[in-house]
Amino acid sequence: MAQLFLGIESSCDDTAAALVTSDREILSSVVVDQTALHAAFGGVVPEIAARAHAEKLDIAVETALTEAGRSLNDLDVIAVTAGPGLIGGVLSGVMCARGIATGAGKPLIGVNHLAGHALTPRLTDDLEFPYLMLLVSGGHCQLLVVEAPDRFHRLGGTIDDAPGEAFDKTARVLGLPQPGGPAVEREARKGDAARFRFPRPLMDRPGCDMSFSGLKTALLRERDRLIADQGGITHQDRADLCAGFQAAVAEVLAKKTARAIETYLTFEPSDPTIAVAGGVAANSAIRAGLETVSAEAGLRFTAPPLKLCTDNAAMIAWAGIELARIGHPGMDPLVPRPRWPLDDRQAALLGSGKKGAKA
Ligand code: KG4
Ligand code: ZN
């Protein structure tokens, strides 16, 4: 018999609840975003986020139950994000989940947010371990070999900004709306990617680490040079800047992923596959670069639908299902953590951005 899991997510700026069965059926997935609350501040304000989560969590859970036509009694397990993320939000989610679990007499399992992202392709596709995962969002950037629900081998990641963060900052310095990714991509379509040659940081260094903050500085310098020379920037200048920036990000992600394949293949995968997750996976130039890399290496490429790539609670319920299936208790004891690397052996030395500490 399929088991029913409630997932709860509140580690950043989305309050989410979802009902998912162990048969991979998503009965409901509610996401209440806080974009409007943070808009005036140019980034997520942790205190505002925590308060909004505390206000919206029970409503999100109730809506998820109603939409699925189920009650608390029907649940088998409650899975909650226990980290990494903004601690106030994680704490709100864990307290809410603990209350529900105690009240309804159900088991509670603490899940890693990044594991949720990294395991999502198995919710939406038939995918065997181990697979190579590129996780790219506004807060995260890492290349991982996903070996099991509780085993991840980190091959590299950003040492400064996440790619989504770089897109958002680029949009801001060019007067484009937030979130920056879709706006920059739209502009880039009209631009000439060859006009400005932006740096491809860390390409000459071995390994899979990446850096995106220098790219933003280079773009700012070009913008200011144009303003000094011409007294301003034209629409075409802006489109060309966006196209050049996007091409640089896409090339870095594609080349570092290509570099990760060699190590990945030493894990002897039965069905060699590259999977991508996170909001930046929506970008068609980035996706195209990864598809080319996969095809050239003879690997399969898979990406979950976008609404499961961005933050949601179905991925948390699913990570709980994957852990329960192998008899893993989740985080034990369940103590909310702002930092929680997926791979303790290869934890990033640096890396903290607008969305708080990264793992
Ligand atoms: O996964 P997500 O919804 O939230 C977290 O960061 O956890 O990712 C949001 C990020 C934002 O930085 C946004 O600008 C970026 O994903 N993004 C994109 C695109 N759509 C969203 N970046 C590049 N191109 C896009 N089309
Ligand atoms: Zn996320």
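Buried means under 20% relative accessible area, exposed over 50%, and partly exposed in between, with a 1.4 Å probe and protein chains only. I also use helices (H or I, at least four residues) and strands (E, at least two) as DSSP runs, numbered from the N terminus.

Conventions. I am working on a predicted model, in which local features need pLDDT of at least 70 and side-chain atom pairs count only at pLDDT 80 or more, while totals for chains, interfaces and linings use all residues. Residues are numbered from 1 along each chain as its sequence is written, chains are lettered from A and ligands numbered from 1 in the order in which they are written, and side-chain values use heavy atoms, with hydrogens and water left out.

Entry on backbone expectations. Most residues other than glycine have a negative phi, and most peptide bonds are trans. I looked for departures from both.

Entry on peptide bonds. I found a cis bond between Gly83 and Pro84, with omega about -15°. I placed Pro84 in the loop that runs between β4 (77–83) and α3 (87–104). Another cis bond links Phe129 to Pro130, and its omega is about -10°. I placed Pro130 in the loop between α4 (113–124) and β6 (131–136).

Entry on phi. I noted Arg24, not a glycine, with a positive phi of about 70°. Arg24 sits in the loop between β2 (14–21) and β3 (26–33). I list Arg24 as partly exposed because its relative accessibility is 32%. I then noted Glu268, also not a glycine, with a positive phi of about 50°. The loop between α8 (235–265) and β9 (273–277) holds Glu268. Glu268 has 68% relative accessibility, so I list Glu268 as exposed.
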